[in-house]
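Okay, thanks for coming, everyone. Let me put the model up, and then I'll talk you through a few parts of it.

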Amino acid sequence: MACGRYSEHYANAVRLGALLIKKGTATLLSYLLDNLPRCDDYDNPCLPCTHEFRTHHLQHVLQLYSPLLKHLRFGTGGYKKVLGQDEYEQLYPLSGITCNPHLFSFNLLFTLIRHLCGPRPADWPGWDRAPLITEKSPEYDVIRLRQFRDVLYSHLPRGDLRGAVFTKWWTYLSAVLIRLGVRESEINKFKREVEIVDEDTVKFLAEMERQYKVEYETPASEKEYAYIDVRLKPAEDGEVDRVFNSARYTTRR
């Protein structure tokens, strides 16, 4: 791949980040909308299950679960504080207008999936550990996306993402996204689009990294990846999963 003015390592880190955020965020939103708890608005069998209907249903769920989400905002009712003010205002805009789920952050989507969606409860231990290599059901792949983001922003900038190492990480992330419903052709098209890393993409990823650091620096979301070796060598399937399994961190509920 062409790197232009950027080093091969840095350009590849940007490409991975772009794939994760631009495709992964939309994938998390689709998972959220597909797995929300059923409410009264599902009683009419004539209602088409379109994206517009699912978005409307999300508004209904957010109102129904507003007491829980308020606990998650302020750390009351026996819950940890896991929602920041900006995230809470994304759910319940101060202007009173309907929220736009397409503007939800990566972290907000994961928090909503954990606390609102089945089939796993919010206190399921699996949310806080790396999936085993054999665990490939959708909720495990959602967790893989979250862990990939944490490793990417906290360690990969200091690793080595040249050549076959980059290919290994790209292949891993692509496989997770495909299992969650992204078309392989869509990922291949995106790979061609980021072959030349432009300044706008770099700025976009810098903003995503800034948002991550804000989250990372809050006590409720401290994570420690100090013992991860990110300099992977091409090997058998599951190598990246073992890297995540080597992570030692405290995550939130």
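**Starting from one leucine**

Let's start with Leu 145, which sits in helix H6. Before I go on, this is a predicted model, where local features need pLDDT of at least 70, side-chain atom pairs count only at pLDDT 80 or more, and totals for chains, interfaces and linings use all residues. Residues are numbered from 1 along each chain as its sequence is written, and side-chain values use heavy atoms, with hydrogens and water left out. When I say helix, I mean a DSSP run of H or I with at least four residues, strands being E runs of at least two, and the numbering goes from the N terminus.

So, is Leu 145 buried or exposed? Leu 145 is buried, at a relative accessible area of 1%. Buried here is under 20% relative accessible area, exposed is over 50%, and partly exposed is in between, using a 1.4 Å probe and protein chains only. Setting aside neighbours within four places in sequence, Leu 145 is in contact with Leu 20, Gly 24, Leu 28, Phe 106, Leu 173, Val 176, Leu 177 and Leu 180. Contact means heavy atoms within 4.5 Å. Thr 27 is 118 residues from Leu 145 in sequence, and C-alpha to C-alpha the two are 9.7 Å apart in space.

**The helices around H6**

Two packed helices are described by the angle between their axes and the distance between the axes. For H5 (residues 106-116) and H6 (residues 138-154), the angle is about 145° and the axes are 11 Å apart. Those axes are lines fitted to C-alpha atoms, for helices over the stretch in contact, and the angles run from 0 to 180 degrees between N-to-C directions. H5 passes H6 in a left-handed crossing; left-handed means that the near helix is turned anticlockwise from the far one by less than a right angle, and clockwise would be right-handed. Who makes that contact? From H5 we have Phe 106, Asn 107, Phe 110 and Ile 113, and from H6 there's Val 142, Ile 143, Leu 145, Arg 146 and Arg 149. By class, that's 6 nonpolar, 1 polar and 2 charged residues. Nonpolar covers Ala, Val, Leu, Ile, Met, Phe, Trp, Tyr, Cys and Pro, charged covers Asp, Glu, Lys and Arg, and the others, Gly among them, are polar.

H6 also packs on H7 (residues 164-179), where the axes come within 9 Å and cross at roughly 150°. That crossing of H6 and H7 is left-handed too. H6 brings Asp 141, Arg 144, Leu 145, Phe 148 and Val 151, while H7 brings Trp 169, Tyr 172, Leu 173, Val 176, Leu 177 and Arg 179.

The buried set includes Arg 114 and His 115.

**The core**

A nonpolar core, for us, is a set of buried Ala, Val, Leu, Ile, Met, Phe, Trp, Tyr and Cys residues joined through side-chain atoms within 4.5 Å. The largest one has 60 residues, and Leu 32, Leu 91 and Leu 145 touch the most other members. Helix H1 (residues 8-34) gives the most to this core, with 11 residues. There's also a second, separate core of 5 residues, including Tyr 6 and Val 197. As for Leu 91, its contacts beyond four places in sequence are Leu 62, Leu 69, Leu 83, Cys 99, Phe 104, Leu 108 and Leu 112.

**Two more residues, then the whole chain**

Glu 87 is in helix H4 (residues 85-91), and Glu 87 is buried, at 12% relative accessible area. Leu 103, in the loop between H4 and H5, is exposed at 61%.

Zooming out, the chain has 10 helices and 0 strands. Buried residues make up 49% of its 253 residues. Of the contacts between residues at least 6 apart in sequence, 66% join residues at least 24 apart. That's my tour, so over to you.
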